[in-house]
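These are my notebook entries on a structure I examined. I recorded what I looked up and what the computed values returned.

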Amino acid sequence: MPGSVAQMKIISTERIGVLGIPFSKGQSRVGTEYGPEVLRNGGIVRKLQNLGCHVKDHGDVEVIHVENDDPEENAKNPRTVGQTSKLIADKVEQVLRSDDICVTLGGDHSMAIGCIAGNARVEPDLVVLWIDAHADINTPMTSDSGNIHGMPLSFLVHELESYVPKLPGFEWLSPCIHAKDIAYIGLRDVDAGERKIIEKFGITAFSMQEVDKYGINEVVERALRAVDPEGKRPIHLSFDVDAMDPTLTPSTGTPVIGGLSLRETYYIAEEVARTGRLSMVDVAEVNPLLGDDKDKKLTVDMTISVIQRFFGNRRGGCYPPGYDIPLPHNLTTR
């Protein structure tokens, strides 16, 4: 029941597997490969443990760097991205078979190819909540940049299979989700091809205009209901830090003004946590090489603060399982 003491106050006891994805070849800027390092240095593992979670750090995924990885069908670094995505999928599957939830620390958002593919092997009925300024569902043919971090969903959606060319490095991958399984929140920089794909295949999409119009509570409720009307399916939450306004996460590669506030982002995380169906959280596009030290620290702090909200750190307060009000040492019985 919404608002109950059990849901609102007692923090998480899930087993969380943390996995680093030090990868930047899905886009043109260096720096996202250091995202896992700065998030760990910011204390993400310790802060999740402080919430009562049993956290195992599985280290970093091995990444592939293919020499002379020429573009194919307008997609840059396809062999590097494709082969690394397979390693990500294999490792995500391994983590999820030993832990309740996987948290991946990226890394540019091309990481979602392997993350969702790996999760779908364990949870084939999953739905995807994509929290991002960008739709990231360009095909190689609709993309202006050719950067695969703007295309990950197109490789995964059954309805787009005939629109996506067969790329070297991606031979292992088959689509694993349907268009109806995706809900976006926070969009505000959507390419023409992506807009056409969203409308053609009826993908649930809430831009910042809808957030302004309906409020974040209504948007989150509609998004969850659209992809999972019965409230039973596992949730894959893919979070690009540029979903938040750049005043909160300045150290990211493609910032777009007018993003989610901290309160709105907290609300999304807290409501997803409340469902009890969270299977995986991707954290993408932290780039500590962009901005100054203050920007880097703010971005890391805000990102970790949001991730904690998925695991019980609620604004209304919380306490660990088994906690009781302590009695004075000098209490005497009568």
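Entry 1, helix α4. I looked up Lys-86 and Asp-90 in this predicted model and found both in helix α4, four residues apart, about one turn of the helix. Their side chains form a salt bridge, at 3.0 Å from N to O. I noted Lys-86 as partly exposed, because its relative accessibility is 33%. Asp-90 is likewise listed as partly exposed, with a relative accessible area of 29%.

Entry 2, a salt bridge between loops. I then turned to Asp-181, which forms a salt bridge with Arg-233; the closest N and O atoms are 3.0 Å apart. Asp-181 sits in the loop between β4 and β5, and Arg-233 in the loop between α8 and β7, so the pair ties together parts that are 52 residues apart in sequence. Are these two residues buried or exposed? Asp-181 is buried, at 3% relative accessible area. Arg-233 is buried as well, at 14%, since the cut-off for buried is under 20%.

I checked Arg-225 and Glu-221, which both belong to helix α8 and lie four residues apart, about one turn of the helix. Their side chains meet in a salt bridge with an N to O distance of 3.1 Å. Arg-225 counts as partly exposed at 42% relative accessibility, and Glu-221 is partly exposed at 45%. I also traced a network in which salt bridges that share partners join Lys-86, Asp-90, Glu-93, Arg-97 and Arg-121. For the whole structure, my search returned 22 salt bridges.

In what order do the eight strands of the open sheet run? I read the order as β2-β1-β3-β8-β7-β4-β5-β6, with parallel pairing. The edges are taken by β2 (54-60) and β6 (204-207); each has a single partner strand, so one side of each is left without a neighbour in the sheet. From one strand to the next, the twist averages 15°. I recorded that helix α8 (residues 216-227) packs on the sheet and touches β4 (127-131), β5 (182-187), β6 and β7 (235-240). The direction of α8 makes about 160° with that of β5.

I found a cis peptide bond between Gly-106 and Gly-107, with omega about 15°. Gly-107 lies in the loop between β3 (101-106) and α5 (111-122). Glu-73 is partly exposed, at 44% relative accessible area. Asn-77 is partly exposed at 23%.

Val-30 is placed in the loop between β1 and α2 (35-41).

Notes:
Residues are numbered from 1 along each chain as its sequence is written. This is a predicted model: local features need pLDDT of at least 70, side-chain atom pairs count only at pLDDT 80 or more; totals for chains, interfaces and linings use all residues. Side-chain values use heavy atoms; hydrogens and water are left out. Two strands pair if DSSP finds at least two bridges between them. Axes are lines fitted to C-alpha atoms, for helices over the stretch in contact, and angles run from 0 to 180 degrees between N-to-C directions. Contact means heavy atoms within 4.5 Å. Buried means under 20% relative accessible area, exposed over 50%, partly exposed in between (1.4 Å probe, protein chains only). A salt bridge is a side-chain nitrogen of Lys or Arg within 4 Å of a carboxyl oxygen of Asp or Glu.
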